[in-house]
Amino acid sequence: MSDPQSQTSSLIDSFGRHVRYLRLSVTDRCNLRCTYCMAEDMQFLPKSKVLSIEEMGFVAQAFVELGVEKIRLTGGEPLVRNGVIELAQNISKLTGLRELVMTTNGVLLDKFSAPLVDAGVSRINISIDSLRADRFKTLTRFGVLDDVLRGISVAKAAGFEKIKLNAVILRGINDDEIIPLTEYAIDNGLDISFIEEMPLGEIDSHQREETQLDSVDIHTQLESRFRLEASTFSDPAAGPSRYMQVADSDTKVGFISPMSNNFCSSCNRVRLTVEGLLLLCLGNEHSLDLRSLLREHPEDIEAIKAAILGSMVRKPERHYFDPNDITITRHMSATGG
Ligand code: SAM
Ligand code: SF4
């Protein structure tokens with residue numbers, strides 16, 4: 001991994017946006033079943049349809065050669081994928097990459113924090129939607145809160161440059177935990193982002209239009225308890241999140257508002273699903289099948305790069321999400337959240 005001046009990406013879409021950030025889904029499987037993310041009875045992909053660790057590393061190399069500076073390993077739960085540490089080791093060595101990061105549910109971080117740091121993962125996001133053991137179990141269908149809390153504490157000691165918590169807030173389900181989750185982040189010197197639920201994939205636990213909560217309401221709740229100041233935080237690869245500093249603390253609060261605040265004009269990212277489908281937009285089906293190309297032309301990185309470059313004209317200008325209308329049948333876990 002090198003740390004040059006931000007290089008110019010050759011990946012520019014029809015709207016002049018530079019793509020510098022790849023989110024790579026390493027598995028569609030998970031050791032939890034969060035109710036807003038998955039249905040209870042999920043069908044996972046057979047092995048033949050899933051990219052191998054080598055294929056993922058190869059595509060990552062193609063993206064970095066095209067100017068991508070940041071890669072996030074995600075899923076599904078990335079830490080349940082065999083070979084994920086080896087993948088991280090290989091990606092972090094790519095010249096031109098500035099940051100290799102991961103989003104995880106934290107359950108396996110007691111075992112994997114040190115290997116991840118050693119493999120070159122500099123920052124992690126840990127998802128935690130409740131600090132109440134019973135509610136955590138209900139929200140994740142069978143998760144054990146203490147596993148995640150232990151994972152967070154091991155991760156803190158492991159030497160990541162930054163740890164951020166992610167919480168999806170659902171009206172009437174966990175919106176009374178916005179302040180406790182933020183207090184927990186402050187007490188532990190962590191950042192925290194609040195995410196609006198998106199209508200991705202069929203779920204069977206709740207009606208999304210009933211649980212939708214606007215980031216503005218989250219902000220209002222936070223201001224009743226904390227002083228939020230404009231953040232000087234700037235990260236050229238960060239993309240659409242808005243951050244505020246909690247006064248007199250080391251904690252920044254982020255708002256990820258795909259429903260209430262369309263941030264597409266600053267979109268700098270694409271996603272690679274575990275099946276090798278390059279998704280040009282989270283909220284649209286515009287995609288390119290890289291798996292077929294990889295298997296037709298193994299080891300031909302120029303063919304992969306040419307296909308990725310050619311796909312840029314298909315990146316849509318924006319998404320249109322409607323909580324009542326599931327036009328995107330992919331679950332977030334298959335997409336690479
Ligand atoms: N399993 C890992 C985790 O939970 O952090 C990584 C994958 S998960 C799909 C990535 C992020 O997407 C998590 O923070 C999760 O809460 C969020 N997420 C999942 N489904 C979502 C949805 N329908 N709307 C908004 N965020 C969602
Ligand atoms: Fe698994 Fe993450 Fe989806 Fe929860 S949000 S079910 S932890 S992939």
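**Figure 1. Burial and overall fold of the predicted model.** Buried residues account for 60% of the 337 residues in the protein. This is a predicted model, and its secondary structure comprises 11 helices and 12 strands. The protein exposes about 14,000 Å², of which carbon and sulfur atoms supply 48%. Of the contacts between residues at least 6 apart in sequence, 75% join residues at least 24 apart.

**Figure 2. Confidence of the prediction along the chain.** The average pLDDT of the protein is 87, and 84% of the residues score at least 70. Over residues 2–6 the pLDDT is below 50, and this stretch has 9 contacts in the model beyond near neighbours in sequence. Where pLDDT is low, the predicted coordinates should not be read in detail.

**Figure 3. Surroundings of ligand 1.** Among the 19 residues around ligand 1, those that come nearest are Tyr36, Gly76, Thr103, Ser127 and Met198. Strands β3 and β5 each supply at least two residues of the shell around the ligand. The side chain of Tyr36 places an N or O atom 2.8 Å from an oxygen atom of ligand 1. A further oxygen contact of ligand 1 involves Thr104, through a backbone N or O atom at 3.2 Å. On the nitrogen side, a polar backbone atom of Met198 is 2.8 Å from a nitrogen atom of ligand 1. The protein covers 96% of the 540 Å² of accessible area that ligand 1 has on its own.

**Figure 4. Salt bridge between Lys305 and Glu65.** Side chains of opposite charge can pair when their charged atoms come close. The structure holds 17 salt bridges. In the one between Lys305 and Glu65, the closest N and O atoms are 2.9 Å apart. The pair links distant parts of the chain, with Lys305 in helix α10 (residues 301–311) and Glu65 in helix α1 (residues 53–65), 240 residues apart. Lys305 counts as buried because its relative accessibility is 13%, under the limit of 20%. Glu65, at 41% relative accessibility, counts as partly exposed.

**Figure 5. Salt bridge between Arg98 and Glu69.** The closest N and O atoms of the salt bridge formed by Arg98 and Glu69 are 3.7 Å apart. Arg98 is partly exposed at 24% relative accessibility, whereas Glu69 is buried with a relative accessible area of 1%.

Figure 6. A salt bridge joins Arg135 to Asp176, the closest N and O atoms being 2.7 Å apart. Because Arg135 lies in helix α4 (residues 133–140) and Asp176 in the loop between β5 (162–168) and α6 (178–187), the pair ties together parts that are 41 residues apart in sequence. Arg135 counts as buried at 17% relative accessibility, and Asp176 is partly exposed with a relative accessible area of 39%. The network of salt bridges links Arg132, Arg135, Asp176 and Glu177.

Figure 7. Asn105 is located in the loop between β3 and α3 (109–118). With a relative accessible area of 8%, Asn105 is buried. The side chain of Asn105 makes a polar contact of 2.8 Å with the side chain of Asn31. The Asn105 side chain also reaches the backbone nitrogen of Val107, at 3.0 Å. Leaving aside residues up to four places away in sequence, Asn105 touches Cys30, Asn31, Leu32, Glu77, Ile126, Ser127 and Val148.

Figure 8. Val270 belongs to strand β10 (residues 269–272). The relative accessible area of Val270 is 1%, so this residue is buried. Although Val270 and Arg20 are 250 residues apart along the chain, their C-alpha atoms are separated by 8.5 Å. Residues up to four places away in sequence not being counted, Val270 touches Val19, Tyr21, Leu22, Arg23, Phe63, Leu278, Leu279, Leu280 and Met312.

How values were computed
Residues numbered from 1 in each chain as written. Chains lettered and ligands numbered in written order. Predicted model: local features only at pLDDT ≥ 70, side-chain atom pairs only at ≥ 80, totals over all residues. Heavy atoms only, no water. Salt bridge = Lys/Arg side-chain N within 4 Å of Asp/Glu carboxyl O. Helix = DSSP H or I, 4+ residues; strand = E, 2+ residues; numbered from the N terminus. Buried < 20%, exposed > 50% of the residue type's maximum accessible area, 1.4 Å probe, protein only. pLDDT = per-residue confidence, 0-100. Contact = heavy atoms within 4.5 Å. Near = heavy atom within 4 Å. Polar contact = N/O pair within 3.5 Å; in protein donor to acceptor, adjacent residues only side chain to side chain. Areas by Shrake-Rupley, 256 points an atom, 1.4 Å probe, with all protein chains shown as cover.
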